[in-house]
Structure formats: C-alpha cells, structure tokens
Amino acid sequence: MEPGRFRRGKTREGAPEDAFHAFHPDLELVCKFLKPLLVGELAPEEPSLDRGKSSEITEDFRALKRMAENMDLFQTDHLFFLLLLAHIVVMESAAWLIISHFGSGWLPTLLTACILATAQAQAGWLQHDYGHLSVYKKSGWNHVVHKFVIGHLKGASANWWNHRHFQHHAKPNIFHKDPDIKMLHVFVLGESQPLEAAGRAQACALHMHMCVTPGDVGDPLCSVPGPWQPPKYGKKKLKYLPYNHQHEYFFLIGPPLLIPMYFQYQIIMTMVMRRDWVDLAWAISYYVRFFSTYTPFYGILGALLFLNFIRFLESHWFVWVTQMNHIVMEIDLDHHRDWFSSQLAATCNVEQSFFNDWFSGHLNFQIEHHLFPTMPRHNLRKVAPLVRSLCARHGIQYQEKPLLRALLDIVGSLKRSGQLWLDAYLHK
C-alpha cells in the first residue's frame, strides 16, 4: 500500500485482500508497522464494496498463487539481474569511448545518443524490478538498489515513482485512481470518457496526491465531502483540443515530450516540494556524472542539449511500450471487481520472444506482472500458462498479440475514442 493511506480489509472468509498480498512480500513486517493504524474490521452487516466480487474466481486465483509459490516462481535468479545491470554499464562505457575516440561530430553524437537512450530505457525496466521488490527477499535491499538505479543511473526519484506507479497497479485504467490515464485534457480515452468522462469535483482532484484510491460517490474513504459532478467532454461540448485528431497529434506531443518535458519537470518539482532530499541527492549524482563526462566534449549548453536529445529518444521507447498493454483495454470508472478480473480487464500481453522480452523489460507479460507484481520478471513466462488456464475456466478473455499489432492498436484506440467524442460533440 502507498504511504499516507492504510485500509486493511478482509473477505468474509477472513483472508487478507489480494491487493495487499500482491504488493507486500513480507506480510509480517508490514503488519508490524501498520498495526497501530488498524481501526477495526467491518461488521458483516456493514456496507462493503467487496460483496459483489466473485468468491469463486478469488479462491481459484489464490490457489494459483500458492501453486506458483510451490513452483518457486517467486525465487530470484540473481545472475539474471546482475547481467542486466552489467549490460547497462557496458553501454554507458561504450558511449563514452565512442565520443572520446571519434570526437563530437554528428555521426558519433547520434550513435552515442542512441546507445545512451537504450541504456536509459533498460535502466528504466531494471529500476522497475527493484521498485516492485521482486529481486531481493529483504525489502530494504530492494529499496537501496532501487534508489541507486533510478537515481544515479537515471536522475529520477524512487519515491515519486513508487507513489505514482503503485496507484496504477492498484486500480489500472480506473478514472481518478490511475494517474497513468490522467491526461490533463490532452487526450480522451476509452469509450465512456469521450462521451461523458465522469470525474470528480476539482476539490477531489486536488486531493489525489493524498489518496491512493479515492472512493466513489458517497465513499467515506475520500477526503472530499459531498457529491461530485462529471465534466462531460462530448455531451457537454468540451473541446480543449480537437480530440478527433488525437491519433495524429499524439505523435507530436505524446512520445516526444513525456519524459523530456512532463516527467522531468514533475520529478524535480516533486522532490523539491516534498523536500525529498535523499532522492534529490541521488538524482544530482546522475547529473554531476553526466555533465562531468560530456561537458568537455560539448560545453555546458551542448551537454544540456545532448541530454534532452537522449531523453527525447528514450521517451519514444517508453511511451510505446507502456501504452501498448493498457491504453487499448477497458478504461472506465471502478466496477469493484475482484483482483484477478480487474487486472485482466485493464491489461493485455505481447507475444514472447527474446527481443520482445528485452525490448519491453518483460512487460510483454503485463497480465502476469499485474497479477504478481513481486514475481521476478524472468519467471513471468512460466506462470503465464496457469493464468491462461484460469481465464479459460471462468470465461475471461486473455489477450495476447504480436508486437507490431500492439503498437498499431495504440493509434487505433486513440482514433476510436476521438471519433466517439466528435459524434457526441456534434449530435448529442
């Protein structure tokens, strides 16, 4: 669970929530620190959002997880992660050698930028592993190495990433709960948002940083009292941008700008505003290393432009990979499904191959990763047949597609949502 929000729940059988299990490999340690925050358990007669969930699917999923544990699929191959780190270091070293040997001409600069962008993308997938506590048994070691990889190798903030990413995992593709689909009126997503885009009042949006999963109408877990009114895009004639062309301007403001502009600004401001001095120190160590390495070749301004060009290249890689598994799936309000069903509704897979595994950091197994976020990524392909079998048993669609098809579907999804908005804007 995220800092600042504790809600410990149990089903009627008395077992802890699946989400709580999914995020915490060491339950005894977590419960030790959360015990003072436990107010109590809901009485059977009290209203609960959990009662509409499928107990059969829940029990079958828990049996599947026990099977995965018995198969040692939560055990880490430390050599695997060491090699991942080593190949990032090799790329960083090769980039410096190219510039130092061939100079700062256009061709060596372009080649070096591509190598460094690749290293940055791979470091992004690696920090993702440590951030999910999927490498070491001790959470503390995962946190330390996570700060090193995301801070010293990438110049970002571990706490910023944790706060944002675990909200996404808890409620993927759920409006007002998943920050990854909070598009700031730049895009409309899914089928419901283009028509109605049901959302919270402005006050609740301001409190998003305090709530991991703000409640729905009348939910006492939300800190904002009173009913909320939905901003309606199509029916209410809201037109911040020509959304029927969003599949076209996506290429201009999506992949090119997410990391070099939006994320870079948000990360720095978050560390400063929250006084996160440890993460800031790690991030500064990255910038000191980068500028001390490349300023002698390019000067300060040239090194700054070089850095942003690397971010520009990395951003394309990051956006296409991260969106191919989610943006094409159901995006809607919270239907309060069980853990298994909610993750399958919001995620899809990309076919397995050595290149796809490396290119996506094994996020081509997005379904399995969302169901078992602490499972080491090299074991996700081993649990996939079990997940597929459980989906078939309960009639739940298990989507898997080729890489190129998955990338093209991003554009197709944006185009469909934009057309839904246009139809509602003109005719409803």
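Which helices do the buried residues of H15 pack against?

A: The model is predicted, and the account below should be read accordingly. The buried residues of H15 pack against H3, H12 and H14.

Helix H15 covers residues 380–394. Its 15 residues reach 21 Å from the first C-alpha to the last, close to the 21 Å expected at 1.5 Å a residue. The buried positions in H15 are Leu 380, Val 383, Ala 384, Val 387, Leu 390 and Cys 391. An α-helix has 3.6 residues a turn, so residues three or four places apart point the same way. Just after the helix, Gly 395 takes a positive phi of about 70°.

The nonpolar surroundings come next. The largest nonpolar core of the protein has 37 residues, and Phe 340, Leu 344, Leu 371, Phe 372 and Val 387 are the members that touch the most others. At least two residues of this core are supplied by each of several helices, including H3 (55–70), H12 (339–346), H14 (366–371) and H15. H15 gives the largest share, six residues. Contacts of Leu 371 illustrate how these parts come together: leaving aside neighbours within four places in sequence, Leu 371 is in contact with Ala 22, Phe 61, Trp 339, Phe 340, Gln 343, Leu 344 and Val 387. Apart from this core lies another, of 32 residues, with Val 188, Ile 327, Ile 331 and Leu 422 among them.

Phe 372 also takes part in an aromatic pair. The structure holds 33 aromatic pairs. In one of them, the ring centres of Phe 74 and Phe 372 are 6.1 Å apart and the planes stand at 80°, so the pair is edge-to-face. This pair links distant parts of the chain, since Phe 74 belongs to the loop between H3 and helix H4 (78–102) and Phe 372 to the loop between H14 and H15, 298 residues apart. With a relative accessibility of 2%, Phe 372 counts as buried. A separate topic is the ring cluster in which ring pairs link Tyr 286, Tyr 287, Phe 290, Phe 291, Tyr 294, Tyr 298 and Phe 306.

Arg 393 and Asp 60 meet in a salt bridge, at 3.6 Å from N to O. This pair joins distant parts of the chain, with Arg 393 in helix H15 and Asp 60 in helix H3, 333 residues apart. Arg 393 is exposed, its relative accessible area being 55%.

Arg 388 lies in H15 and Glu 400 in strand E2 (residues 400–401), so the pair ties together parts that are 12 residues apart in sequence. Both ends are partly exposed: Arg 388 has a relative accessible area of 38%, and Glu 400 has a relative accessibility of 35%.

Glu 69 is placed in helix H3 and is partly exposed, at a relative accessible area of 42%. Glu 69 and Met 375 are 306 residues apart in sequence, whereas their C-alpha atoms are 9.6 Å apart in space.

For context, the count of salt bridges in the structure comes to 14. Glu 314 and Arg 311 are both buried.

The whole protein has 16 helices and two strands. Of its 428 residues, 51% count as buried. Among contacts between residues at least 6 apart in sequence, 72% join residues at least 24 apart. The protein exposes about 21000 Å², of which carbon and sulfur atoms supply 64%.

Notes: Residues numbered from 1 in each chain as written. Predicted model: local features only at pLDDT ≥ 70, side-chain atom pairs only at ≥ 80, totals over all residues. Heavy atoms only, no water. Core = buried A, V, L, I, M, F, W, Y, C linked by side-chain atoms within 4.5 Å. Buried < 20%, exposed > 50% of the residue type's maximum accessible area, 1.4 Å probe, protein only. Helix = DSSP H or I, 4+ residues; strand = E, 2+ residues; numbered from the N terminus. Contact = heavy atoms within 4.5 Å. Salt bridge = Lys/Arg side-chain N within 4 Å of Asp/Glu carboxyl O. Phe/Tyr/Trp six-rings, centres within 6.5 Å; stacked < 30°, edge-to-face > 60°. Areas by Shrake-Rupley, 256 points an atom, 1.4 Å probe, with all protein chains shown as cover. Expected span 1.5 Å × (residues − 1).
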